[in-house]
Amino acid sequence: MRGMTVWRAQCLSLLALLILISPQGNAHPQCLDYKPPFQPPEPLLFCKEYAKFGCCDLDRDNQISQRFYQIMDYFDHSGFMACGKYIRSILCQECSPYAAHLYDAEDANTPMRELPGLCGNYCGDYWLHCRYTLSLLTNYNETSAIEEDRSKFCKYLELKDPEYCYPNVLSDDKLNANLGDVKADPQGCIQLCLEEVANGLRNPVAMVHANDGTHRFFVAEQLGYVWVYLPNGSRIDRPFLNLTRAVLTSPWAGDERGFLCIALHPQFTKVKKAYVYYSVSVKKQEKIRVSEFVVSDSDMNMLDHSSERTLLEVDEPASNHNGGQLLFGLDGYLYIFIGDGGKAGDPFGKFGNSQNKSTLLGKALRIDVDNNDHGAPYSIPSDNPFVGESDSRPEIYAYGVRNMWRCSVDRGDPVSGQGRGRMFCGDVGQNKYEEVDLIENGGNYGWRAKEGFSCYDNKLCSNSSLNDILPIFAYPHKIGKSVTGGYIYRGCQMPNLNGLYIFGDFMSGRLMSLKENTETGKWNYKEICMGADKTCSFPKLINSYYKYIISFGEDEAGELYFLATGAASATARAGVVYKIVDPSRRAPPGKCSFKPTPVNIKGKLIHFSPKEEFVINKKPSTTAIPKPKPTKPSPTPRSRAPQTPTRRTPPATTVRHSTPRPRALHTTPRPLTPDRPLYWTPAPKPKTPARPSYWTPAPKPKTPSRPSYWTPAPKPKTPARPSYWTPAPKPKPTARPSYWTLAPKPNTPARPSYWTPAPKPKPTARPSYWTPAPKPTPTSKTQTGRPGKRGRGKPRRKGDRRGRPRSGTVRLVSADGWKDRGRVEIFVRGEWGTVCDDMFNTQAAAVVCRQLGFPVVERVAKRAELGPGASEVRILLDDVECEGTERTLLHCKHAKLGKNNCSHDEDVGVVCGHYEHAVE
């Protein structure tokens, strides 16, 4: 009996301890099922204080009501009046939006309280009036041991958190202000979280669904693969489509060519066709090809590769501005968005391609692909705006676009249908602005006369006959330099996001949003940030992402995703698909459930394994974590490319902008650390605490353990034999010549082998800046150092160009002093100058990196990403086109030296590397 009493006391002490050590002041709205609260679809009748927002629906409310009346059957009228209010309040806390905190259930790994945590004063009143009712509320049968002792009683029930205990949590204005609304930080940045859905992808460029009830989604890679994912996250090991042999692309970072989009027929259950948009080379002419494929008869998860039918091919005058969007409108027609042809400023013809309606470049096209099995590949819809107009292509639906990247169709409000059918596109800008447009039949979107709301070509801009359509939103390049169009959220699971247009920027990594004011028709801008750890502390949620936002996508249920990578290369497996999650409110339980149509699978399933650490599993960091940084094994700090100067920081919490400060996520390509700073940073932190104890202390034990006799050892030896070993220097040649004389000999061949020859291998390893730099000075005085002038034998005139670099020499200028990355500067005609990023691609970057001794190009950094040149520095090269084999940039095609149509905001930069596996 006494043992039972001791056991009871220990249990109560443990319960009290759990209450005391529970997180203090760190709560967030969360239910007992570890999910956000919701608005009950029907008003609650019993726990009415939570009728608008909480954790109970009407069914659960009825169950709590039944339990209450079962308990109250034990009371007479006076007992009912005295204790009913306490019993009811305690039972209804299960419906509180802070239920998880009140029950210590925020962490699924810790035991949950049986009763909610009460405030001290309230617990005292409860003990005073109704303490004997405790046994009716709990399954713990030993309550009699504490009912007579107020301190023990309240230790069991009290929550040592004055803000979040009941009933204070109800009266705290700060906690209940805007409860259930989307969270925002003090600067107004919307705080959202993410769920990792797929990873290990190579530049994922598109995500679509079949709208056939299977809830599959299809992800396309720039290389030419399309993969099928099932609703449970598994991927089928056989590709839906493999066009890698036909697709024109390269492993160089920033290459805009490749497999760019896929669209499935809107009636995919009946018309089993898919449409693709990709780059090809036909007789050395680069083209855009739009093709049609049919689903295989033997496998519903694979296209028949022999069924390809080309619908359209368009010549591309340059390798950039390829456009790349396919989608079906609600009218059933296929829309195709093609870029203006490339280069900079749309320099083709008198007005540029975009304003020229006799070409398909710089246009949004609309064609009818139904009923085309036995005739022409497509027909022209009768209401296309330029049908019958001379010198105009009938396929054109809208024109004056520069390089639209990612468009979407609004599903419309789920209740009113408002907005249904609207088409949104992000149009990448030139020098100053990025824009978001609403596409209209026959619309002229102004390029190249206008960029955003401002004039680009002043002569064209002054032409009042343009009648161009202005964007709904435009932002300057200090926010981002390459817009990625998104979607209007119309899903079910996150009602707060309904009607919010979410989009991003490829270069800055920002996530952004627009919300329409239905009264004024204007769109209000808000940035999106990753929520703090407390905000995103739900199962499976993360608050960081890769910086380069390539595309957005919807699943069949209307939930919203975006695709990003840590390394903008078509061969780097650094791509991830993220689902956007609002942690502040969810839909009521059961409202969004669906049962997918079964999928017949041939082949194997590859189960999804998330790489990012869930916020809920994160351990608090300590000061010991940074210790591993100084360790010697990290010989390549340069692989951590300088992060883009954006105000993003939270991204492990996203960049402040919206996204995770470009932290890289963990995916294999290590040299690409800079591009994925989100995931690799956290990884070392948990490891640090694991072994730091002996990384630092290790040297200390070593000193006492062995050196105690290793150092003294010589000393005893010295006194032991010094009397005759000191004079021994003379006998040394005879007594011990074997190692006293031989010692220097091995040393001589051992070290000189790399001390003298070292300069020779160095030129191959990193000759760029280690050898070439000194060589010009010591070389023969007769060489002038100019390319192509060697062998003339003319002596250098006294004082002429001595010590100057050769013409065509390049260097990488970085504010952080990096040797392998920075703004490209070239030496021409006695001065250093910058290079404009127009037409500068990875082949040109290869020329720069090879000059500097690097075998690999990791990426091209455009639009002054790695810093603009100073105002006094001239722009010396523009329109640089290389094949990658030239000796210097001067041997490539380029505009006349010193002539350009750009500013320092378009200075190009390059990131070089040493490792071939930097890009897989």
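Q: In this predicted model, does Glu-158 count as buried, partly exposed or exposed?
A: The class follows from the relative accessibility of the residue, where buried means under 20%. Glu-158 has a relative accessibility of 17% and therefore counts as buried.

Q: With which residue does the side chain of Lys-160 meet in a salt bridge?
A: Side chains of opposite charge can pair when their charged atoms come close. Lys-160 itself counts as partly exposed, at 37% relative accessibility. Its salt bridge, with a distance of 3.4 Å from N to O, is made with the side chain of Glu-158.

Q: What is the relative accessibility of Glu-395, the salt-bridge partner of Arg-393?
A: The side chains of Arg-393 and Glu-395 meet at 3.3 Å, N to O. Arg-393 is partly exposed, with a relative accessible area of 30%, whereas Glu-395 counts as buried, its relative accessibility being 5%.

Q: How many residues apart in sequence are the parts that the pair Lys-547 and Glu-865 ties together?
A: Lys-547 forms a salt bridge with Glu-865, and the closest N and O atoms are 3.6 Å apart. Both of these residues are buried. Lys-547 lies in the loop between β25 and β26, and Glu-865 in the loop between β33 and β34, so the separation of the parts tied together, in residues, is 318.

Q: Is Phe-293 buried or exposed?
A: Phe-293 is found in strand β9, which covers residues 285–295. Not counting residues up to four places away in sequence, Phe-293 touches residues including Leu-241, Leu-243, Val-276 and Leu-303. Its relative accessible area is 0%, so Phe-293 is buried.

Q: Which elements give two or more residues to the lining of the largest cavity?
A: The largest cavity holds about 900 Å³ of space. Its lining is made up of 43 residues, with Gly-254, Asp-255, Glu-256, Ser-482 and Phe-506 nearest the centre. The elements that give two or more residues to this lining are β21, β26, α24 and β33.

Q: How many charged residues does the lining of the second largest cavity have?
A: About 60 Å³ of space lies in the second largest cavity. Among the residues lining this cavity are Arg-402, Asp-427, Glu-435, Lys-450 and Glu-451, and β17 and β18 each supply at least two residues of the lining. By class, the lining has four nonpolar and two polar residues, and its charged residues number five.

Conventions: Residues numbered from 1 in each chain as written. Predicted model: local features only at pLDDT ≥ 70, side-chain atom pairs only at ≥ 80, totals over all residues. Heavy atoms only, no water. 1 Å grid on protein atoms, 1.4 Å probe; cavity = no way out; pocket = protein on both sides within 12 Å on 5 of 7 lines; lining within 4 Å. Points joined across faces, edges and corners; volume = space filled by probe spheres on them. Helix = DSSP H or I, 4+ residues; strand = E, 2+ residues; numbered from the N terminus. Nonpolar A, V, L, I, M, F, W, Y, C, P; charged D, E, K, R; others polar. Buried < 20%, exposed > 50% of the residue type's maximum accessible area, 1.4 Å probe, protein only. Contact = heavy atoms within 4.5 Å. Salt bridge = Lys/Arg side-chain N within 4 Å of Asp/Glu carboxyl O.
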